[in-house]
Amino acid sequence: MNAEDTIVDLIRHGEPRGGRMIRGQGVDHPLSSAGWRQMWTAVGPDPYRDQIPYWDQIISSPMMRCREFAVRLSAQQGLPMAVEPELREIAMGAWEGRRPTDLAHEEPDAFAAFRRDPVANRPPDGERLEAFQQRIGQAYDRQVAAYPGLRLLIVCHAGVSRAVIGHVLDADPQCWYRIRIDYAGLTRVRHDGFGASLEFVNARWARR
C-alpha cells in the first residue's frame with residue numbers, strides 16, 4: 001500500500017434476530033448469536049495480528065444491526081468510531097418486515113417485476129434507487145475525503161455495499177441487485193492517484 005492510498009473495507013452486518021427478511025429502514029433488529037459470530041470471524045484474527053489494529057477508523061450506519069458491532073470493535077481495538085446517518089439502508093416501504101419467500105408467494109407479479117427491473121418497480125412507498133444512489137455516493141465521497149491515506153472499515157448493509165460498488169464503478173442501479181452480498185461479507189475499494197479500484201467483493205474475512 002502506498003502511503004497516499006486510502007483503503008475502504010465495507011462489511012455488511014451479520015444475521016439479525018428474526019432471520020432473513022426485508023428490513024430496510026423501518027425494521028431494525030439486533031444481531032443474533034450467529035450474526036455476532038459471523039462478524040467476529042470476518043474481522044479476525046488477522047486484522048489484530050501482533051496486537052496492531054488493522055484499520056485506522058471505523059464508520060457505521062446508525063442502524064442497530066450495524067452500530068452495536070461497530071461500537072464493540074472500536075472498544076476492543078481502541079479505534080475511533082463515527083456514525084454516518086446517510087449510510088442507513090435503503091427504505092423498502094410496504095415490504096419492510098416481510099420475507100422475500102412470502103412476497104414471492106403473496107405478490108408474485110409485483111415481486112417478479114421488482115426482480116426484473118428494480119429501478120422502475122419499487123416497493124410501495126419505497127425509496128427510489130436514483131435518490132439512494134445520490135445519498136450513498138455523497139456520503140461515501142465525504143468519508144473518503146475526510147480520511148485521506150487511512151484504512152477505513154465501514155459497517156453497513158447489503159444495499160449500501162451495492163450502491164458503493166455502483167458508485168465507484170459508475171454502474172447503472174438496475175445492475176446492483178445482481179451483486180450478492182452475504183452477511184458479514186467484505187468488499188474493498190482502493191483509492192490511489194489513478195482513482196478508485198474495486199479489489200474484492202463479498203470476502204469472508206479481512207485481507208492484508
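Biologist: By class, what residues does the lining of the largest pocket have?
Modeller: This is a predicted model. The lining of the largest pocket has 14 nonpolar, nine charged and four polar residues.

Biologist: How many residues line the largest pocket, and which lie nearest its centre?
Modeller: The lining is made of 27 residues. Nearest the centre are Arg 12, Ile 22, Pro 100, Arg 162 and Tyr 177.

Biologist: And how much space lies in the largest pocket?
Modeller: About 720 Å³.

Biologist: Which helices each supply at least two residues of that lining?
Modeller: Helix 4, residues 108-116, and helix 6 each do.

Biologist: Switching to helix 5. How many residues has it, and how far does it reach?
Modeller: Helix 5 covers residues 129-146, so to speak 18 residues by DSSP. From first C-alpha to last it reaches 26 Å, close to the 26 Å expected at 1.5 Å a residue.

Biologist: Which residues in helix 5 are buried?
Modeller: Leu 129, Phe 132, Arg 135, Ile 136, Gly 137, Ala 139, Tyr 140, Gln 143 and Val 144.

Biologist: What do the buried residues of helix 5 pack against?
Modeller: They pack against helix 6 (158-169) and several strands, including strand 1 (6-12), strand 4 (151-156) and strand 5 (186-192).

Biologist: Thr 187, then. Where is it found, and is it buried or exposed?
Modeller: Thr 187 is found in strand 5. Its relative accessible area is 1%, under the 20% cut-off, so Thr 187 counts as buried.

Biologist: What does Thr 187 touch?
Modeller: Leaving out residues up to four places away in sequence, Thr 187 touches Val 8, Asp 9, Leu 10, Ile 165, Ile 181, Leu 198, Phe 200, Val 201 and Asn 202.

Conventions. Residues numbered from 1 in each chain as written. Predicted model: local features only at pLDDT ≥ 70, side-chain atom pairs only at ≥ 80, totals over all residues. Heavy atoms only, no water. Helix = DSSP H or I, 4+ residues; strand = E, 2+ residues; numbered from the N terminus. Expected span 1.5 Å × (residues − 1). Buried < 20%, exposed > 50% of the residue type's maximum accessible area, 1.4 Å probe, protein only. Contact = heavy atoms within 4.5 Å. 1 Å grid on protein atoms, 1.4 Å probe; cavity = no way out; pocket = protein on both sides within 12 Å on 5 of 7 lines; lining within 4 Å. Points joined across faces, edges and corners; volume = space filled by probe spheres on them. Nonpolar A, V, L, I, M, F, W, Y, C, P; charged D, E, K, R; others polar.
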